[in-house]
Amino acid sequence: MQTDFPLFPDQASSFAFQVDALYFGILALCVFFALLVVILVVIFAIKYQRKSDDEVPRQIAGHLGLEIFWTAIPAVLALGVFVWATVLYFHLITPPPNAMEMYVVGKQWMWKLQHPEGKKEINELHVPLGESVRLTMTSEDVLHSFYIPAFRVKKDVVPGRYTNLWFKATQVGSYHLFCAEFCGTEHSRMIGTVHVLEPQNYEAWLTGGTANEPMEVAGERLFEQYACHTCHKADGAGRGPSLVGLFGKTVALEGGGTALVDEAYIRESLLNPSAKVMAGYKPIMPTFKGQISEEGIIQIIAYIKSLKAPELTRME
Amino acid sequence: MAITEQDVQASEDAPSVNYLNNGYGLKSWLLTRDHKRIAVLYIISISIFFALGGLFASLVRFELMTPEGDLMSSDTYNKVFSMHGIIMVFFFLVPSIPATLGNFLVPIMVGAKDLAFPRINLLSWYVYVVAGILGTIAVVGGGVDTGWTFYTPYSSTYSNSNVILAAMAAFMAGFSSILTGLNFVVTIHTMRAPGMTWFRLPLFVWSHYATSIIMLLGTPVIAITLVLLMLERGFGFGFFDPNLGGDPVLFQHLFWFYSHPAVYIMILPSMGVMSEMVAAVARKRVFGYEFVAFSSVAIAILGFLVWGHHMFVSSQSTYAGMVFSVITFLVAVPSAIKVFNWTATLYKGSIVYDTQMFYVYGYLGLFLVGGLTGLFLSSMGLDIHLHDTYFVVAHFHYIMVGGQVMGYLGGMHFWWPKITGKMYPDIWGRVSALLVFLGFNLTFFPQFILGYMGMPRRYHVYPDEFQVLNVASSLGASILALGYVIPGAYLTWSIFKGPKAPDNPWGAKGLEWETTSPPPTFNFEETPLVTEEAYQYGPIEEH
């Protein structure tokens, strides 16, 4: 057994301090109210101890003013904490626009991670110090939950959809990565390590080892392998829409409505192509369900994201 | 009122036929329609499940004394904590106070001869027993490893354990609680004695009314959810598994739509017990009676609108999360109202230092911690870090064990003379209450710290730095276990060897103390006429 044991987690991300401030704020409130009640009931027990067996105290029915007082005070304080916590929450779930993208696939019982440059990791994640990192995550099987206590971040990893999480590491070191949602036999061994490196060390790590195929290149290869390019021609002359510059746009749908072209939309279009067909096109695309792995889908998404249309953006 | 010679005399002269001795055969118990006998049947059966659930808890605490998984395999561990949760929630906590003390006391407290539907009451016990047998078969036949939450798609597709059997057991147990709730609602509405107006009802009855509403409205939803789960697992219907076209988060919405209100099924009855005991311990009318009564109803109603606070990191809509968060904060208000009113009841009271008082004080201390730590978890920005860690485990044990189990044990001691007609040794009652309080805190307080450090729940093996606090927790659990075993021993002893109980040993107010100990089969010699408020220990001073 360790004799030296910590009682508080590391503060290794940009919002660890803010989360801890809220924690201690609520703790102070709780200690105040708990002590108030405990001190009162102890004083009452001592002061009003029953003197004789037939003692009957003065009867008090209640006091409207007091009731209003101790209804209003907790209500106001509770709403104050709600505002504080919710403002913090929006900060915690809103990544800055320039965040680095990384991808996570959870499966029983391991974490598979990939960097845009192509580097793949299992149960380990290397990130640069001081850079905002945004993770896009999905699961191959059951629910998992991606949890880095030192960063105070957690998000469920859900099969069939993408979830996101972001952080900015502020302290070099190695930290626990846990699966926080029960996922079966080896749930407690679905753990890993997050390594925060100085930016130059991160670059060295990224380029070291075996050469890696960048995700968008791998995605392009899949795009051709599955013959996507035969319909989705870059010039828009194919039977499907051109995907150039499409990512992040809101498009009109066949049958009315609009959809934002994001990761979830592309994933759905691959697995269930007739669900949301772009206006002006026919629902002729076949499903790729069961043919492409979750990682393959993510690589195709990375490729579609890379299809920027520079001349178009300049015109806008 | 004090215990006088006449009282003792009166109880000795009481009609010798009471609900316990008017028939002795097994048949007179198994076919009884007497709510008091059914309450006793429930006490025996839930005690068995409490012991079984406690055994699984001890295995969990044994395993967690070391970071490695050295006592059992991961599969076994997962089954052990799942069975602990399923048994404790569905077979102990939900029926704990309503089916025992509630069954025994609600008709007496309103001045009725029995519940409105005595046969349905007996049926509810049989349904419970069948559910219990199914649950036991699920355990003996290999166990279930989904946790008590049965989250999909793990439960519906991936688990290799007895999910359908365990879900069936929980499904059946739900019907038993629907029947109990139905009986209470009808009884409280239609069978109050002459003069027993709504605002003369003891607060115990108010809290059971609120509980019954949740049982009636919430339980059908968990029943439907479990049926959908069984259909998906058994026949491949695609409700929840995305591979079948379902949505795993839908299950969480349905599950918590019942299971969050169910948390209030597991705390409201103990609040009713507290109100009765606080009044008796201080010999005083409960301060702000109407506010305490309506806070129970407020908790029941608000409790239906907060289920999404279990899902802040599940990928539910952010704005839905905000609504769930703000309503959750509002639940703190009726809970605070209760605590402040109990505190004010003690003010200028006549406080006796007996077993009940120890339980009242223990309950106040533990419920304060349990309730206040809810504020951390309803804060969205903080819940991201705390969700699914030991902080949550500690929080809900403070509510369910520190609250409901303390209330159940305290209430058992308070009404034991009425139920059995026998007295227990008060000194042992105080010793056990103290052991439970100390053992409980030593078990669960370290888990708050573990949770904030980031230890996830349902972990069989864990990093070394969490060991010291886990060992402390396991040590506390052994003290807690002792605190539960001792009452089992002296209460059983008292049935055979305890001195005879007077009708009103504590000098408390309420119709149950006006009838004999134990009461006759139809509770009262003649239907009582109620002419005063609840807890009328003396003339009320107006402010």
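These notebook entries record what I looked up in a predicted model.

**Entry 1. The domains of chain A**

I began with how chain A is divided. Chain A has two domains: domain 1 covers 9-45 + 95-212, and domain 2 covers 215-315. I then looked up the separation of their centres, taken over C-alpha atoms, and noted 30 Å. The contact between them takes 11 residues from domain 1 of chain A and 9 residues from domain 2 of chain A. Next I asked which strands supply at least two residues each of the side of domain 1 of chain A that touches domain 2 of chain A. They are strand E2 (100-107), strand E3 (110-114) and strand E6 (132-139) of chain A. By class, I recorded 4 nonpolar, 4 polar and 3 charged residues on that side of domain 1.

**Entry 2. A sheet that contains E2, E3 and E6 of chain A**

I followed these strands into their sheet. It is an open sheet of 5 strands in chain A, with the order E4-E3-E2-E6-E9 and mixed pairing. Strand E4 (120-122) and strand E9 (163-168) of chain A are at the edges; each has a single partner strand, so one side of each has no neighbour in the sheet. From one strand to the next, the twist averages 25 degrees.

I then examined pairs of strands within this sheet. E2(A) and E6(A) pair in the parallel sense, over 7 bridges. Within this pair, I found Val105(A) with Thr138(A) of E6(A) as its bridge partner. Helix H6 (residues 294-306) of chain A packs on the sheet and touches E2, E3 and E6 of chain A. The direction of this helix makes about 165 degrees with that of E2(A). I also noted that Tyr103(A) stands opposite Thr136(A) in E6(A).

In which sense do E6(A) and E9(A) pair, parallel or antiparallel? I found the antiparallel sense, over 6 bridges. Here Ser132(A) stands opposite Lys168(A) in E9(A).

**Entry 3. Another sheet of chain A**

I turned to an open sheet of 5 strands with the order E5-E11-E10-E7-E8 in chain A, whose pairing is mixed. Strand E5 (124-128) and strand E8 (153-157) of chain A are its edge strands, and each pairs on one side only. On average, with direction ignored, neighbouring strands of this sheet are turned by 20 degrees against each other.

Helix H3 (residues 199-207) of chain A lies across E5 and E11 of chain A, and runs at about 135 degrees to E5(A).

**Entry 4. Where the chains meet**

How many residues of chain B are in contact with chain A? I noted 82 residues of chain B, in contact with 77 residues of chain A. Helix H12 (residues 318-346) of chain B provides the largest share of the chain B side, with 14 residues. By class, the chain B side divides into 49 nonpolar, 22 polar and 11 charged residues.

I also found strands that pair between the chains. Strand E1 (residues 59-60) of chain A and strand E1 (residues 540-541) of chain B pair in the parallel sense over 2 bridges. Gln59(A) stands opposite Ile540(B) in E1(B).

**Entry 5. Helix packing in chain B: H13 and H16**

I looked up helix H13 (residues 355-378) and helix H16 (residues 426-453) of chain B, which pack at an angle of about 15 degrees with their axes 8 Å apart. H13(B) and H16(B) are therefore roughly parallel to each other, and H13(B) passes H16(B) in a left-handed crossing. The contact residues include Phe358(B), Tyr359(B) and Leu366(B) of H13(B), and Phe437(B), Phe440(B) and Phe448(B) of H16(B). I recorded the classes in this contact of H13(B) with H16(B) as 9 nonpolar, 5 polar and 2 charged.

**Entry 6. Helix packing in chain B: H8 and H11**

Lastly, I examined helix H8 (residues 203-235) and helix H11 (residues 289-302) of chain B. They pack at an angle of about 10 degrees, with their axes 9 Å apart. That angle makes H8(B) roughly parallel to H11(B). Among the residues in contact are Leu203(B), Trp206(B) and Ile213(B) of H8(B), together with Val292(B), Val297(B) and Ile299(B) of H11(B). The contact of H8(B) with H11(B) has 10 nonpolar and 2 polar residues, and no charged ones.

Definitions and conventions. Residues are numbered from 1 along each chain as its sequence is written. Chains are lettered from A and ligands numbered from 1 in the order in which they are written. This is a predicted model: local features need pLDDT of at least 70, side-chain atom pairs count only at pLDDT 80 or more; totals for chains, interfaces and linings use all residues. Domain bounds come from an automatic or database domain assignment. Two residues are in contact if their C-beta atoms, placed from the backbone, lie within 7 Å. Helices (H or I, at least four residues) and strands (E, at least two) are DSSP runs, numbered from the N terminus. Ala, Val, Leu, Ile, Met, Phe, Trp, Tyr, Cys and Pro count as nonpolar, Asp, Glu, Lys and Arg as charged, and the others, Gly among them, as polar. Two strands pair if DSSP finds at least two bridges between them. Axes are lines fitted to C-alpha atoms, for helices over the stretch in contact, and angles run from 0 to 180 degrees between N-to-C directions. Angles under 35 degrees count as roughly parallel, over 145 as roughly antiparallel, 65 to 115 as roughly perpendicular and the rest as oblique. A crossing is left-handed if the near helix is turned anticlockwise from the far one by less than a right angle, and right-handed if clockwise.
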